[in-house]
Amino acid sequence: MAPSFREVLKFDKFVITSEIGPPKGTNIEKMLHHIDLLKDKVDALNVTDHQSSVMRFPSIGGCLAIKERGGEPILQMTCRDRNRLSLQAELLFAYTRGIRNVLCLTGDAVLVGDHKEAKGVFDLDSTQLLMTIRQMEAGKDLGGNELDGAVEFCAGAIVTPEANPIEPQLIKFEKKVEAGAEFFQTQAIYDLDKFAKFMEYARQFPVKILAGIILLVSARMAKYMNENVPGIFVPQNLIDDLASAPKGEAINKGIEIAGRMIATLEKESICDGVHVMAIGREEVVPDILKAAGLAT
Amino acid sequence: MKSITKQKTFEEIEQQLDGFDRVYIAGCGTCATMSKTGGREEVLEMRERLQELGKLVTGWIVIPTACDEMTEVAIKENNGAIQNAKCILVMSCALGVHKLSTYIDKPVIPALDTLFIGIEDSPGCFQEVCAQCGQCVLGETAGICPLTACHKGLLNGPCGGTDNGKCEVDKEKDCGWTLIYQRLKEQGRLDLMRKYHSPRDCNVAPRPRTTRIT
């Protein structure tokens, strides 16, 4: 039997995760194709939970599909759309279906998505969701009632190493560690020197850190992210690299950049692994891993 | 404390007044006057617009404080013009609309939307500072309410959507947790940010909320 993600995190190996974005609709063919393409090339696959507050096929549905196809899913759970009853119920269900990894997120604001008039719930926050998991593992729900059958999850969270100011993020990071986070997948990083400094700090905690790698597909995308995505900073030299690529070739440059970064992170043992996000271009994740010299 | 309002679109007001040919207008001399949504000037402008629509405005008043007890007296004093109207168009916050509807046995139509309870930071700038949650944490958050100042109402620190002290929903909005962080740091009380806040009780005072002074 393949080792669980929690076991993989304990091995002395460079961990690779990637993620699947479910479709808007019932046509899950492409999602299944991406799962089949990636499930044996990575240690686990996240499934996003209405990413950017855009309504989609649910994370739990994607996770079940990964499970059915022999992969290791990481259930992304945001606190945006469900109150504490609903979150706990989903954790119970996920556990009974063999899902053992949860990434606890606050969730983007409803206002950035495609249902701008919806109610943002945020009954719990990411730290409280982590605590909820640990409490449910001890056999109690948030109301203090006994569970007839507890759960057990490898719980993770996220951190933004390039946030400004950084100190409030680090305080929250430490709260998440105390609340029981075992692994962190970071917001996308591009400046490895700055990330290495963050890792010097993060190494003092007993958690695994997987650096977030978002595939850059064009100079325009890089500039857009710099202007609009909190905590992401693509340095000018990478933007120039992308811009210098011949027409239609920028994505190959992006694959090369991502591969190079992953290779450096691994060779210099800067962190414990990477989380590769190709956002709509999942089919090139194997190429990125190949470029990093990590293809299996 | 001020109840911050904004005027509904005239189309919506017109729609709500459909079928009422005679209208009495009531404004408020306190919050709605300060936020320039239902003071004397706005009431008179509304009267003019309704007249242009062909409505008969039987009278108007700017009640000193529409939500307090004196409103009943003001209504009695103007009973003739009110009785002559088919409905009352109220240019106050919802508290005034509620108060008027308890005294007047005619349809009471709000002309304003009540947005929040706020304070005036600087002239003309109103800020929501309290969500009336019933569990005040201001003592631990340097006087800035995370439930109100943070778009998501988070209790345990900023989300990943904070950027250079601004919020992901609007680059003009300050990140509440960055403000809390800065002030706690100035006060040498950053340790308070490390304290875990358990999920809050959303039913400290179950809705509809009431209280009785004993």
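Reader: How many bridges join strand 3 of chain A to strand 4 of chain A?
Author: This is a predicted model. Strand 3 covers residues 73–78 of chain A, and strand 4 covers residues 101–105. The two run parallel. The number of bridges joining them is 4.

Reader: Which residue is the bridge partner of Thr78(A) in strand 4 of chain A?
Author: Thr78(A) has its bridge partner in strand 4 of chain A. That partner is Leu105(A).

Reader: What angle does the direction of helix 3 of chain A make with that of strand 3 of chain A?
Author: Helix 3 spans residues 59–68 of chain A and packs on the sheet. It touches strand 1, strand 2 and strand 3 of chain A. Its direction makes an angle with that of strand 3 of chain A of about 175°.

Reader: In what order do the 8 strands of chain A close into a barrel?
Author: The pairing in this barrel is parallel. Neighbouring strands are turned against each other by 25° on average, direction ignored. The strand order is 1-2-3-4-5-6-7-8.

Reader: Which strands are the edge strands in chain B?
Author: Chain B has an open sheet of 4 strands, paired parallel in the order 3-2-4-5. An edge strand here pairs on one side only. The two are strand 3 (56–63) and strand 5 (108–110) of chain B.

Reader: Which residues of helix 6 of chain B meet helix 4 of chain B?
Author: From helix 4 of chain B come Thr71(B), Glu72(B) and Ile75(B). The residues of this contact divide into 3 nonpolar, 1 polar and 2 charged. Those from helix 6 of chain B are Lys99(B), Leu100(B) and Tyr103(B).

Reader: How many residues does the contact take from chain B and from chain A?
Author: The side of chain B that touches chain A has 11 nonpolar, 10 polar and 4 charged residues. The contact takes 25 residues from chain B and 30 residues from chain A.

Definitions and conventions: Residues numbered from 1 in each chain as written. Chains lettered and ligands numbered in written order. Predicted model: local features only at pLDDT ≥ 70, side-chain atom pairs only at ≥ 80, totals over all residues. Pairing = 2+ DSSP bridges. Contact = placed C-beta atoms within 7 Å. Nonpolar A, V, L, I, M, F, W, Y, C, P; charged D, E, K, R; others polar. Axes fitted to C-alpha atoms, helices over the stretch in contact; angles between N-to-C directions.
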